[in-house]
Amino acid sequence: MAVPFIDLRRFEPDFLSRWAEISAKVAANTMFVGGPEGARLEERLMERTGAAAAVGCANGTDALQLTLRAAGVGPGDVVVLPDSTFWATFEAVVNVGARPVTVDIDLDDLAMDFDLYRQAVAEYRPKAAFLVHLYGWGSARLDDFRAFSRESGVALIEDGAQAFDVLWRGESIYKDAYMSTCSFYPAKVLGSCGDAGAVFCSTEELGTTVRQLSNHGRTSHYGHGLVGWNSRMGGYDAAFLNLSLDYIDARIASRRRAAAQYRDRLAAMGVRTVGPPDGYTENGYLNVTLHDPSDRPAIEAVLKERGIGFGNVYPGAMSKQPGAAQYLAGQVGGEKAEWLSKAVLNLPLFAYMKDEEVEEVLEALGAALGAKA
């Protein structure tokens, strides 16, 4: 039995019929940009995250740039970010004219290494930093990152593209962030029917600034208090996300269940895995297994032969990307991020994954490990 890496078609029985009705209403009322669906979505996101303001935008990459601009980051400023992340984190820094400095990771939680972060702050005096919450959890030292950044005058922005409904000490990981972002790309835990994103802010004032920046800096229809750009969320995306929120608890519960099954079975198989540190409730976004980089190609070959999807999230450190060379202002730490990119193997994990699919994946992985031995 083939098992895809992700299946976006596991809709609830009444989802598509409800979506047909809602999308017809959006069209009939020409609610194509903004409107009541967008306003309702932002209210629901604020309620779910505990943020003082939530601003929908066109995509998760724009969300990163909006936070940097709202924090006053511009040409020549230094921004620190982890060496292991998606390229959007790096290019957001470059696209506002700032200078990126990468920091190596902690292999225990795969987040930016806190001690190296302190070293980077002392050496490069950044105006801002991105702390990235990968794989469906965050750093074990999240509170330390936040406290140290406040004390040091560094605007700590949390890239939570993969972190919707991740809980830290029982509350949303977004709740106490200065600013954080979320991606609603279709493959995310809460995915839209196209590109969409959001910024969560700790104050209403920050939310107002982000909203202005995302809408041409408008203070009125033809009044412009800031130079921004067009990053408004579309009406269909907002409506789709509102509908998806009606089902999100069941979807995430199924993801967490599959993630727990993997964790227990993989441990019994002797496979090295990484999961959420103490204090976190993950959202089941990604399964993470680690292998000797020299063994991974053979394991992948067996999985591919058996029709098992897999991922390598992410297959390269930021500092080693060809596009980084002309912009990189510094690098702190060693080669852990690059090692991770060669060692990580992500097994299928998605909403409403069936027990027999998990079994099929584990059987195939066992065969791959046996063939390697």
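Which residues does Arg 255 touch, not counting residues up to four places away in sequence? Let's start there. Arg 255 touches Ala 187, Lys 188, Val 189, Asn 283, Gly 284, Tyr 285, Leu 349, Phe 350 and Ala 351, where a contact means heavy atoms within 4.5 Å.

Quick housekeeping before I go on. This is a predicted model, where local features need pLDDT of at least 70 and side-chain atom pairs count only at pLDDT 80 or more, while totals for chains, interfaces and linings use all residues. Residues are numbered from 1 along each chain as its sequence is written, and side-chain values use heavy atoms, with hydrogens and water left out.

Okay, back to Arg 255. You'll find Arg 255 in helix H9, residues 248-268. Helices (H or I, at least four residues) and strands (E, at least two) are DSSP runs, numbered from the N terminus. Arg 255 is buried yet has no salt bridge. Buried means under 20% relative accessible area, exposed means over 50%, and partly exposed is in between, using a 1.4 Å probe and protein chains only. A salt bridge is a side-chain nitrogen of Lys or Arg within 4 Å of a carboxyl oxygen of Asp or Glu. For Arg 255, the nearest side chain of opposite charge is Glu 282, 8.8 Å away. For charge, Lys and Arg count as positive and Asp and Glu as negative, with His and the chain ends not counted. What the Arg 255 side chain does reach is the backbone oxygen of Gly 284, at 3.0 Å.

Asp 159 sits in strand E5, residues 155-159. Asp 159 is buried and has no salt bridge, with Lys 188, the nearest side chain of opposite charge, 8.2 Å away. Its side chain does make a polar contact of 2.9 Å with the side chain of Thr 89. A polar contact is a pair of N or O atoms within 3.5 Å; within protein, one must be able to donate a hydrogen and the other to accept it, and residues adjacent in sequence count only if both atoms are side-chain atoms. Setting aside neighbours within four places in sequence, the contacts of Asp 159 include Leu 64, Thr 85, Leu 131 and Thr 181.

Leu 64 takes us to helix H3. Residues 60-70 make up H3, and nine of its 11 residues are buried; among the buried ones are Asp 62, Leu 64, Leu 66 and Leu 68. At the start of H3, a side-chain oxygen of Asn 59 comes to within 3.1 Å of the backbone nitrogen of Thr 61. After H3 comes Gly 72, with a positive phi near 85°.

Now, the salt bridges that do exist: how many does the structure hold? There are 22. Glu 357 pairs with Arg 10, with the closest N and O atoms 2.7 Å apart. Glu 357 lies in helix H12 (residues 355-372) and Arg 10 in the segment before H1, so the pair ties together parts that are 347 residues apart in sequence. Glu 357 counts as buried because its relative accessibility is 6%. Arg 9 bridges to Asp 7, closest N and O atoms 3.3 Å apart. Arg 9 is exposed at 68% relative accessible area, whereas Asp 7 is buried at 12%.

Then there's Asp 115 with Arg 141, at 3.6 Å, N to O. Asp 115 is in helix H5 (residues 114-124) and Arg 141 in the loop between strand E4 (128-132) and helix H6 (142-152), so this pair ties together parts 26 residues apart in sequence. Both count as partly exposed, Asp 115 at 42% relative accessibility and Arg 141 at 33%. Salt bridges that share partners also join Asp 7, Arg 9, Arg 10 and Glu 357 into one network.

Two loop residues next. Val 288 is in the loop between strand E13 (280-281) and strand E14 (289-290), and Val 288 is buried, with a relative accessible area of 2%. Leaving aside neighbours within four places, its contacts include Leu 110, Trp 137 and Val 344. Ala 177 is in the loop between strand E7 (171-172) and strand E8 (179-183). Ala 177 is buried too, with a relative accessible area of 2%, and touches Arg 146, Glu 158 and Ser 202, not counting residues up to four places away in sequence.

That's it from me, thanks!
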